[in-house]
Amino acid sequence: MIEARGLVQTFLTGQGRKKTEVHAVAGVDLDVAEGEVVGFLGPNGAGKTTTLRMLTTLLKPTAGTARVAGYDVATQAVQVRRAIGYVSQVGSTFSGAYAGDEVVDHAMLYGMTRRAAHAKGQELFAQLDLEGLWRRMPKNMSGGQKRRLDIVMGLVHEPGLVFLDEPTTGLDPQARANLWEHIRGLRDRRGATVFLTTHYLDEADALADRIVIIDKGRIVASDTADNLKSQVAGDLVDLEVATLDQVTVAAERLGAIGEQLEVVERHVRARVPRAGRAVPGLLRDLDASGVALDSIEVLRPTLDDVFLTLTGRSLRDAEGDAPGSPDSSELEGAGR
Amino acid sequence: MTAAPSVSAPTGRTQVDGLEPNGLVRDALIVYRRQIRMNLRNPAWVLIGIMQPVLYLVLFGPLLKPLVGSFDLPTDNPYTFLVPGLLVQLGMFGAFFAGFGLIAEWREGVVEAERVTPASRAALLVGRLARDLSLLLVQALILVGLGYWMGMRGDALGIVAGIVITLAVGGACAAASNALALTTKSEDVMAPIINMVMMPVLLLSGIMLPMTLGPAWLESVSDFMPFRWVTDAVRSTFLGDFGSSGVMWGVTWAVALLALGVWWGTAVFRKENS
């Protein structure tokens, strides 16, 4: 469904002679098979939205090639547009128009007749829990309803491939969970291929068959969530020792079976491969040594741990130091 | 780095019953209908838009009455002189603010949503221009009707021709406004630019008073102002004069400005990162 090779996007930022060249996307190779749900994960400014805008023909690549649904994004843009659905992170409907009118007009721009657009719109409203909102304006809808309306806009012409750009940004946890169900349904019920960008680790973990991680315009990993997590050296075991004088012994015992030992006051932490098997023995050992614990916690690796392993930075820290944020609307001039 | 599951064979769209081919006229009509529907939801704005020329007509017209005889014009009717000027003013000012609505649409993602459809880029502009011209036509008819009620007299065919020339100028300004809107993407940037451009245009177009009243140098400067020729042409057609060189120049400028505006607007809608 998607085949990209050496995709590059370069922008100029700044003003006058102080213009700086920013490589928003610096050579992306990407393959997505039919029926896959792929999560495109990275911090703000990593190049997610820029890549997505190139794949959806909204931005011409500076270099490289991409075929989407079998068509070249640069030379067969109209065919690509017919084959895909796109749900932008900023929305797609005017706040002062009726939701149903917006859906019908949008579908007609894809060549659908008014009757077919109306029927398909009504069907999608029912599927996405928007019944009764056909004659409501988006400005009078909740955040979750608006996002579901955006998804209706992206699906009304029945595309085989759907691009979702940060679909749950700004939603409360309940609305997010609800939207996740609908996104799963895109593939399960409709057989659609889904390519979604997100900077939420849990979202990528929960939704995607495969996760592609991008950082500083380059793809740094691409695999299932479980395989990516297995690259991290073990689970995190956190012992809370009852008294400070027992910390040294606890650290000695935990250090014997784990790596990256860390002691913070009464907490002793380390990465332990296959912690589920190792921890019972550790507990017996500590008990025999007279070490009392207030608590013990075993944490599976997260995608943040994967990002940290791959880039040396936490994904959350990377949010703050994204250079120039090429995904933002502050970019000046066309891509070159 | 890629993990590469097999790439599927080329896949087109899933077919849906009732598909029609995209085309400029069809797509423009869809965009036009959507835009008009939103305007009809707030018809008050049509009336608010015409308030400025109406106020000029009602409050400035009487001031012209004792003066118009000294203007050395083919009419001594102040309203036959003033209404054509106000028409051109309506065409320029009303249309130049059309882009503000487009910025609101852009901010809400509507423009991007339209640009990811297979619709013709020109249609996205033409549909909006048709909306602007429809509103302008309604406002022009109200203005002419009010002017007639206040005493304006003119050639019927000439009045129609004058309105058509005004629509051409309005289309040019609306297209330029939409292009400017998608270029600046900010009301705060766009408003001062429009003010900066429109003020000299207004003063040098002879909309309120004929440029022949001013010193020779000012009239010479106004010769380089296309809108002055347009204003003179509309005044001439209102008096039934269709064959003078002034009318020819005015019509030529109106058509040229329209072509330039549509070209600029379409180019901006086509631009990848607009």
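Is the crossing of α2(B) and α3(B) left-handed or right-handed? The crossing is right-handed. A crossing counts as right-handed if the near helix is turned clockwise from the far one by less than a right angle, and as left-handed if anticlockwise.

The model is predicted: local features need pLDDT of at least 70, side-chain atom pairs count only at pLDDT 80 or more, and totals for chains, interfaces and linings use all residues. Residues are numbered from 1 along each chain as its sequence is written, while chains are lettered from A and ligands numbered from 1 in the order in which they are written.

Chain A was examined as a whole. Its secondary structure comes to 12 helices and 14 strands. Helices (H or I, at least four residues) and strands (E, at least two) are DSSP runs, numbered from the N terminus. The C-alpha trace of chain A spans about 80 × 55 × 35 Å along its principal axes. Of the 336 residues in chain A, 48% are buried. A residue is buried if 20 or more other C-beta atoms lie within 10 Å of its own, exposed if 12 or fewer, and partly exposed in between, with C-beta atoms placed from the backbone. Contacts in chain A were also sorted by separation in sequence. Among those between residues at least 6 apart, 69% join residues at least 24 apart. Two residues are in contact if their C-beta atoms, placed from the backbone, lie within 7 Å.

Two loop residues of chain A stand out by their backbone angles. A69(A) is not a glycine, yet its phi is positive, near 55°. A69(A) lies in the loop between β4 (63–68) and β5 (71–72). This residue is buried, with 24 other C-beta atoms within 10 Å. E158(A), also a residue other than glycine, has a positive phi near 55°. The loop between α5 (143–155) and β7 (161–165) of chain A holds E158(A). With 17 other C-beta atoms within 10 Å, E158(A) is partly exposed.

The nonpolar cores come next. A nonpolar core is a set of buried Ala, Val, Leu, Ile, Met, Phe, Trp, Tyr and Cys residues joined through C-beta atoms within 7 Å. The largest core has 150 residues, and V68(A), V152(A), V169(B) and V230(B) touch the most other members. Helix α7 (residues 156–184) of chain B gives the largest share of this core, 16 residues. A second, separate core has 13 residues, including V268(A) and L286(A). Neighbours within four places in sequence aside, V169(B) is in contact with V88(B), G91(B), M92(B), V230(B), A254(B) and L257(B).

Helix α3 (residues 78–96) of chain B also packs against other helices. Its axis and that of helix α2 (residues 44–64) of chain B come within 10 Å and cross at roughly 155°. Therefore α2(B) is roughly antiparallel to α3(B). Angles over 145 degrees count as roughly antiparallel, under 35 as roughly parallel, 65 to 115 as roughly perpendicular and the rest as oblique. Axes are lines fitted to C-alpha atoms, for helices over the stretch in contact, and angles run from 0 to 180 degrees between N-to-C directions. The contact includes Y56(B) of α2(B) and F81(B) of α3(B). Its residues divide into 13 nonpolar, 5 polar and no charged. Ala, Val, Leu, Ile, Met, Phe, Trp, Tyr, Cys and Pro count as nonpolar, Asp, Glu, Lys and Arg as charged, and the others, Gly among them, as polar.

The axes of α3(B) and helix α6 (residues 121–150) of chain B come within 10 Å and cross at roughly 160°.
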